[in-house]
Amino acid sequence: MFGATALRTLSFPVAAAVTSSAALRTADGRAARADKITDDIPPPTYTTVPNMIGGDVKIAELLHLRDLGFASKNVPNTEYFFGGKDAGFSKSSTGQKYSKMIGENDCVLVDIVQTDSSSKPDAGGPKNMTAYHRSGPREYLHFQPKKVRAAIVNCGGLCPGLNDVVHHLVGTLTHNYDVEKIYGIRGGYYGFGTNKNGPPLELTTDMVKDIHQMGGSFLGSGRGGYDEERIVEFLKKEKINQVYVIGGDGTHRGIYKLSQACANRGLNIAVAGVPKTIDNDIALIDRSFGFQSSVQAAQDAITTAETEARGNMPNGIGLVKLMGRSSGYIAAYSTLAHGSVDLCLVPEVPMCIDGPLSCLEHLENIVEQKGYAVAVVAEGAGEELLGENAEVDAGGNKKLPQIGEFMKTKIAEHFKSKGKEATVKYIDPSYMIRSVPANADDSYYCSLLGQGAVHAAMAGYTGFSIGLVNNHTVLLPIPALVAKSPRTMNKHGRTWERVLAVTHQPDVHTAGSSKPAKKATPAPASSSWFGFGAKK
């Protein structure tokens, strides 16, 4: 038994364990007790599972300017110190210390979770043994740092952390590499070669020292405006040899095209991407920067909706619409983080408003039980009911039907049809959740992205992006990133499973499934001192 085993293992004579409070306040008393406890805790034990992982690792290839025919300067990034106070460290020409230089084959595995099926004889051996190059400083640089002229541009919509990324790009280019000049391009791709949004800014660390504490975009962002000829001409005119573009999957398609256009014209220019999306729908990476800040900002709207629902009688219902045009990550994670939401509607799962699986019936039942209810709906939910809009914005994104107003009307109609009154309070925080400053976690993430992008471009990589994979910063080939973007939330996955466990709403997707339940796999025998799976 778990409890009995644990108690027996951890127990020891009371006389030996309990000392006077005076003794506990002395070093000898504490040491004596620590020794006694250590003696009674056994060493950890392990269960060996054979053939779980093995074989070759395939590292996703990145474009390098030298492979495109451009001679590398092969500038040593550091000097290594063997003695003295700096022993063991590499130091750059500007004095920056590096504790580790990234090797050519340093990589991060994509699939780190192995299951029983991975080791079955008929499974064909381990699968998905792919990996991405680690981000970080390289031993040799493609560019002579003091001759680097860089450009930084934001594209698409706003997102918490845009200013943080710019702050760290400028800081790393300046402090680590002492580059010649850094341009801040205004208002997206239009800022290259036009005065539509004002002339470029010459960025310095003093100019950007505080921008990461603000929301929005210091440089301004913008949709559309990709004109290859105009952009390339601007780069040639200003002698720019590094371009950093912050944007979503559509922007990244443009980044890759730009990297190819520069190479085809014989221009030795590194073009780097930093993935940005408020909806967290860029594939391959763990999450997008700014996503967690937006989820945090959404909590205020949900709390307000709950307060309104509680206080407005009879049958108060708080309805919150959150961003998420094709993926419901913000709605789902905001629901899980808040813990008091009774209904969550996302684009990935069909919305049912009639019959026994009706979300309206569910809300009615919740109100009957506790007197009020809270619902969260993603802006892209319900297109199967409302129909798709053919109109698109400047960035090519289709305009969405008004799901929030639709749900407010349908809730009121449903209650009225039952002879009941409902007080529905509709809250649409919309852009408020994306215009906040980045929280601490996102700010830290942005620092990794900004630094990593600069290190990679300096080493000569181009047509790449950067992000977290399995909590490690890696370099991503843009063709691989855009091939699976935009991603959607897995409606069979554990995130949605957790949402259903919190809201208790009908599982529309799997209702009526006739598939038999999977037979549980017996737990392996274990020698663990906790007694898990021990043979009886």
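Which residues touch the most other members of the largest nonpolar core?

## The cores

They are I152, F192, L235, Y244, I246 and F289, out of 108 residues in that core. A nonpolar core here is a set of buried Ala, Val, Leu, Ile, Met, Phe, Trp, Tyr and Cys residues joined through side-chain atoms within 4.5 Å. Helix α14 (residues 440–459) gives this core its largest share, 9 residues. Another core lies apart from it, with 20 residues, including L343, L345, C359 and V367. As a general note, nonpolar side chains in soluble globular proteins tend to be buried together.

## What you're looking at

This is a predicted model, where local features need pLDDT of at least 70, side-chain atom pairs count only at pLDDT 80 or more, and totals for chains, interfaces and linings use all residues. Residues are numbered from 1 along each chain as its sequence is written, and side-chain values use heavy atoms, with hydrogens and water left out.

The chain has 16 helices and 21 strands, taken as DSSP runs numbered from the N terminus (helices H or I, at least four residues; strands E, at least two). Of its 536 residues, 46% are buried; that's under 20% relative accessible area, with exposed over 50% and partly exposed in between (1.4 Å probe, protein chains only). Take the contacts (heavy atoms within 4.5 Å) between residues at least 6 apart in sequence, and 76% of them join residues at least 24 apart.

## Helix α10 and its partner

The axes of α10 and helix α16 (residues 494–503) come within 10 Å and cross at roughly 45°. Axes are lines fitted to C-alpha atoms, for helices over the stretch in contact, with angles from 0 to 180 degrees between N-to-C directions. So α10 is oblique to α16, since angles under 35 degrees count as roughly parallel, over 145 as roughly antiparallel, 65 to 115 as roughly perpendicular and the rest as oblique. On the α10 side, A332, Y333, T335 and L336 make the contact; α16 brings T495, R498, V499, V502 and T503.

H338 also sits in α10, which spans residues 329–338. H338 counts as buried because its relative accessibility is 18%. Leaving out residues up to four places away in sequence, H338 touches Q299, I302, T303 and E306.

## An exposed lysine

K147 is in the loop between β9 (140–141) and β10 (149–154). With 60% relative accessibility, K147 counts as exposed. Setting aside residues up to four places away in sequence, K147 touches E180 and N241. K147 and E180 are 33 residues apart in sequence, yet their C-alpha atoms are 5.6 Å apart in space.
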